[in-house]
Amino acid sequence: MNCELLATCTALGYLEGDTYHKEADCLESVKDLIRYLRHEDDTRDVRQQLGAGQIVQNDLLPIIIQHGQDKALFDACIRLMVNLTQPAMLCFGKVPDDPVFRHHFLQVTSHLQACKEAFASEAVFGILSETLYTLLQLDWEQRQEEDNLLIERILLLVRNVLHVPADPCEEKKVDDDASIHDRLLWAIHMSGFDDLIKFLASAQSEQQWSMHVLEIISLMFRDQTPEALVSAGQARTAEEKHRDTQELEALREKELAAKRSRTLQRGTRHSRFGGSYVVQGLKSIGDKDVIYHRNVHNFKNYTHDMGKAVRRVPKRNRQARECKDKRRSALNVRLFLREFCVDFLENCYNRLMYLVKESLIREQSQQHDETYYLWALSFFMAFNRGNGFRADLVSETMSIRAFHYIERNITNYYEMMLTDRKEATSWSRRMHLALKAYQELLLTVNEMDRSQDESIRQSSSVIKSNIFYLMEYREIFLTLLRKYDETRQPHSYLKDLVESTHLFMRMLERYCKGRNSLMVQKKRVKRKKSRGQKKPSAAETSPEALAETWKVVEEELKASGFQLSESLTESIVPFDATSDTPLEEQRTDAMVRVQDALLIRLGPEALGLLRAAREVWPEGDVFGSADVEPEEELELLKQILHANLPRSSPPEPAVEEDDDAAELEEEELQSVQVFEKEFNFLDFIKRFSNPSVVRPYLLLLKSYSKNTPHTNHCIARMLHRLAVDLKMDAQLFQLSVFNLFNKILSDPAAAAYKELVTFAKFVLNRFFSLAAQNNKVYVELLFWKNVGAVREMTEGYGKDGEGKKPTWTEEEEEELRNLYEEHRHSEEPDIVETLLPLLSDSTRTRRQVVTQLVRMGLVDNAKELKKQKKGTRIVLWTEEQEEELQMLYEEYKDSDDVLGNIMKKLTAKRSRARVVDKLLSMGLVSERRELYKKRSRSAKGTSSGKGMTEDEFLEGLTQGFTDDPGDRDDEDEEEDESEEEEEEQERETSQNGRRSSQSLHSPVERRPDVGTMVYALQQEGMSEPLLWLQNCLNRTANDRQQDGFSQDVPLVPLKEANEEAMDNKTFLRLLRKLGIRAPANEQETFWRIPAKISVSQLRSAAAALSPREEEPKGGEEQDSSRSPTGESQETEVSGEQRAQALRALLLTRKRKHHSSEHTAPVSDFTPEDTDGTHERSQETILTKRSRVLDDDDEEENEDNSTTAMDMQTSADADSDREDISAPVKRRRKMVLIDEEDDED
C-alpha cells in the first residue's frame, strides 16, 4: 500500500476485539480518503489498495455501528462507502479487453465480493435502518438538504451492495442453501429495512426515490423466479407431481436403453482379434468401399468424420451465451420474499409503476433505467397470476399504453442491436427482457378471460380487440421470428418467443371463432412511379377507340339536350376541402376524373363534373368561361378526352415484387396508407409459411430433450398448422429436419414425446408418398423451400409461372427483333414507347417488352431502356401566382434583363420557357424578343443604311437560328449552369488583381499538333467535352496558384457527352499530348492531371483548346476566305461576305468610341501604350458584341459559333496578331476592362 494511504488508514483508528477505537483526526482521515479516490488513475489503484487493506470491513463498518451518533463522521463514512462499493462496470466503463486492465477489473470485483460478505450483518443494516427511519420521520419542511443527500446515499449504498455479483468459485452452494446474497436479504428483513422500502414505494411525499426503490427491489429478487416464490411453503400440486413423474420416467427409459445397448455390445466370449471388414455400398475417399478395422458392434456409430479434428467455429458465428441460471434460495428467505411480494402488490405496485413510467416518459431517469420497469412488470404480474389472480392489483400496467410502450422498446432494442454491434449482447438482453414483459401482458389478458367477474372479462375483450386490430401488435411476433439471429440472441430468448407466439395465435384463433367477421387495421406503402404516370391501356387510348367513345358520348349528350338531373348535379363534388392535397393538384385530379368519365362513356357525369369544377376554379377559364355555350362545352370535353393528362399512380397491392421487376421500375416511398380489412385467420397463418420463420422453430426443436413439454407442444402446434392446416408439409422436406426426426424416433425415451413422434411419422409418410410420384424430391431435400417451390414440387414444375409472365412465341420474338433493328438507330428518345403501338399484340406492357429485349440479348440490361424523366406539359398556375407574375413584369419591364429579374423573384420556381409562355398567354408581351436581354448603352443605334437595324443585321450573322420553345425548354438547365459557371469564373478572375490581369493579357501560343487534334474533334461535334476539359485545366491552375501545392486531380466526366469523349481515341490522344496521365492500374478509374504540371503549363494547355473555325498551318497567315477542309465556293463567298460586313460594323463602333474618348481627360502614354490601348478598345468592342449575341434561350452550339466568329473577325481586323486567346480568358479580360471603364 502507498505510504500516504497507509498513514491515512492508520489515522482512522483501530479495532480491539469487538470495540473500535477511533483516533482524534478520524473525520479528516475519512475526507482525505475521499480526496484520494477522486484522483485515482485508470487502473483504480487507490480502490484496489483500500480493498486489499480491507478498510471497509475493519474500519468503516465498525465506525458507523459504534460511532453512529457522530453525525459528521457517519455522513463521511457513508459517502466513502458509496464510492468504494461502486460497481466495477461503472469504474471501467465496460469489461476491459486488454489483459492488464482485465486483471484490475477482476481485482476490484473480488474486493467488492469481500465487502458484500461483511455487509451481511444485522448490525450494519440495523444502524442503516434506524438512521433512514429517523430521517423519514421528518416532515418536508423540517428536512434539510443534507438529510436528503444522506437518504439518497443510504439507498445507493444498499443498491451497490446488492449489485455485487456472486463468486461462483467460492460459493459452491446447492439449492435450498443460504448464499451470501441470501444472508444479505435476511439481514435486510431482520433489520426492518424492507418495510422502509415498501414505505418509500407507497408514500406520496417520497415519490422522488421511486427509481432507487425499484432498483433495490429488482436486485433483491435477482436470483428468484415468480413460480418458486408462489410455491414456497406450499404442498406440491398434482400437476407438478405429474410433471416430475414424467421427467423421471424419461430418464429411466434412457438409462435402461443405454444398459441394453451395453449388454448387446459385450459378447459371450472375448475376441482377441478386432478384425477388418469391407462395408459394401459405402464409398471411401477413393472409388473403393470403406474398410472398417473395429469391432462390428461399434459400426452403428461409424461416420466419415471419425478421427477428424473438430472445426473451430469463428467467434462471430458462435451461439450467444445464456445468462446465469436461477437458483433456489433457502426456504426462510423465499417465504420472506413471498410475503414482500404480496404486500408490495397490494400497497405499492400500481403507484410505484406509475411514477417510474412517468419519469421514463419525461426522460428524467438515467439511460437504460427502463429495464428495471420491464423486469418489475413481468415479475410481479407473473407472481400475481400464480398467487390467486387479482386484476385490480396490476391495473396500472394492464392497458394498451403498456403494450405500446413495450412494443416500441422491442423495436428500438432490435435497431440498436444492428447498429451498435460492439454492445449487441447487451441490447439483446434488453430485448429479451422486453419480450418477457410483452409475454406476461398476454398471459395476464388470457387469465382475465377466465375470470368470474363479468367486468374483468369485458376489459379483457376491449384490450384484445385493440391488440388484434392494430397491425403493430398483430405482426410483432412474425417480425421477431424472421429477424432471429442465434449468434446474438440466446436459446432462452427463442424459447420465450416461440411460447409467446403460440399464446398469441391461440388467443387470436379463439377470438376469431366467436365472431362472424373481424375488421382489422392494415397498412401498406403507397408507392408512386418516380418517372411518369401510369397510362391507360393501349386499347383505351388508341385513336379508333377514342373516336368511337366520343361518338357515343356526343350522341348521349345531344339527346339529353345538355340537361342534367338534379340528383346527379348534387352528388358531384369536384373539391375536397378536408384533404391535404394542394389546390393545384386537386384541379388536375378533377380534369383526370372528367377524362375517366368520358373513357367509360358516362357523358352526363363528365359534363356535370366539368360544370362543378368550373364553379370551384373559375380563374383562367381552365374548365371553360362562365357564359360558355353547350357547343363549346362539347368541344372542351372532346379536347379533354384526347389530352394526355398527368395521372397519379394508384396504390399497388401489398405483395413482394421480384428482383427483376425492381430493376425495371424505380419507385419512391410516398406515404403509408391505412385502411380496414376483414381478417382471415388462415391467411394470417400463411405468413408463417416461410423458411426464415420455420428455421427458428426447428432450431429450438433440436434441443427437444432439454425443452419443457409445453415448449415442445408449442413447436409441434405451429408445425402442425403449417403442414396440416395449410397443407405445406413439403416445406419440411429438408435433410436436417429428417435427421432430427430420426433422432426423435430412435430416442429410447420416445414415449415421452408422443406428439413429436406422431408428427414426424406423418411428415415422413407424406414425403414417401410424394417420392413415388416425383423422384426429384430427393434432390429437393438439400434446400429450404418457399411457397412457390413447394407448389412446383407437389403440383409439377413450371406450373407456378404460368399466367404470371406471358410467353412469347417465335413469331412475336421475330417481330420484336425486326422492329428493334429498324428503330434502334432512330432519333426517338424512348424506343420502347415507339415499339409498343407497332406490336401485333397490343396488350404487351412496357415491362414485358423490356424484359424480353434483355432476354433476347438485344440490349445488355434494362437500364439502357430507362424512360427519360420529363416534366408534364400541363402546368397549372394559381390566381395568386398569375398576379405575382404580372406584378413582377410591371416592375421589371423597363430593365435590361426582364426575364432574368422575374426568374430571380418568382416564388414558385418554374423553367424559363414556362414563364415565357405564361407571359405570352396573359398578353403582357406580344413576342418572345421583348424578353431578351437588351444591349448595353454604348451599342445603341443603327448600323448601316438601307433601314436595317443592328438586331436584324446580327440575326442575319447568326444564320437565322429559330426560337423553338421545345428546344429551349430542354436546354434551359444546361444554359443556366454554364452561365453561372462562367459568371463565377469572371468573379474569381476580377478579384485576382493586377497580377492576374497581366497574365491574362499575355498571348498564348497554340502548338500545331494539338491544334490539329482540337480542330478534328471540333468537326466531330466534341466542342462540349473540349470546353469541359478547358474548364478543368483552368480550375486546377487557379487552385494550385491559390493553395501553393499540387496533387493529382482526376477528370470525372458527369455528363453523357463527356463520358463518350473519354472513349474516343482522338480525345485520349489529345489528353496524352497535354500531359494528362492515364489510369496507372486497376485501382484507378479516371484520367488524372499530374501534380508535376505547373500553373503556367496548365494555362497554356487550356489556351491551346480554344475552339476555332479554321485551323492555321505552321506559322503562315491564313486568309479568312480560305477553307482548310475544302468547302464549296459558295460557302467561302458567304463566309467572306459575313466577315466583311462584321468588319464594317466594328469600324463604325470604333469611330464612335474614339470620338467619345476625345472629350475625356488626356493622359500621358507612350507609342507602345497606344498599341495596347488599341487592342483593349477592340476587345471591349468584342465584349459588347458578345453580350449582344448572348441570349438566355440560345443553345450552346450557337454560343460556340458566335465565339468562333468573334475570334475569326478579330484575326482579320488585326493582321499583326496571330494568336487568339481562349474564350474564357477573353471573357475575364473583358470584365476587367468594363470595371476600368466604369471607374473612368
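Which residues does L128 touch, not counting residues up to four places away in sequence? They are F74, I78, I154, L157 and V158, where a contact means heavy atoms within 4.5 Å. Keep in mind that this is a predicted model, in which local features need pLDDT of at least 70, side-chain atom pairs count only at pLDDT 80 or more, and totals for chains, interfaces and linings use all residues. Residues are numbered from 1 along each chain as its sequence is written, and side-chain values use heavy atoms, leaving out hydrogens and water.

Now step back to the core. L128 is among the residues with the most contacts inside the largest nonpolar core, which has 183 residues; F193 and F380 are also on that list. Such a core is a set of buried Ala, Val, Leu, Ile, Met, Phe, Trp, Tyr and Cys residues joined through side-chain atoms within 4.5 Å. Buried means under 20% relative accessible area, with a 1.4 Å probe and protein chains only.

F193 leads us to helix α11 (residues 193-202); helices are DSSP runs of H or I, at least four residues, numbered from the N terminus. Seven of the 10 residues of α11 are buried, so this helix is largely enclosed by the rest of the structure. F193, L196 and I197 are among the buried ones.

Finally, follow F380 to its partner. F344 and F380 form a tilted aromatic pair, 4.6 Å centre to centre with 35° between the planes. Rings of Phe, Tyr and Trp (its six-membered ring) pair if their centres lie within 6.5 Å; planes under 30 degrees apart count as stacked, over 60 as edge-to-face and the rest as tilted. Both F344 and F380 are buried.

Note on methods. Buried < 20%, exposed > 50% of the residue type's maximum accessible area, 1.4 Å probe, protein only. Helix = DSSP H or I, 4+ residues; strand = E, 2+ residues; numbered from the N terminus.
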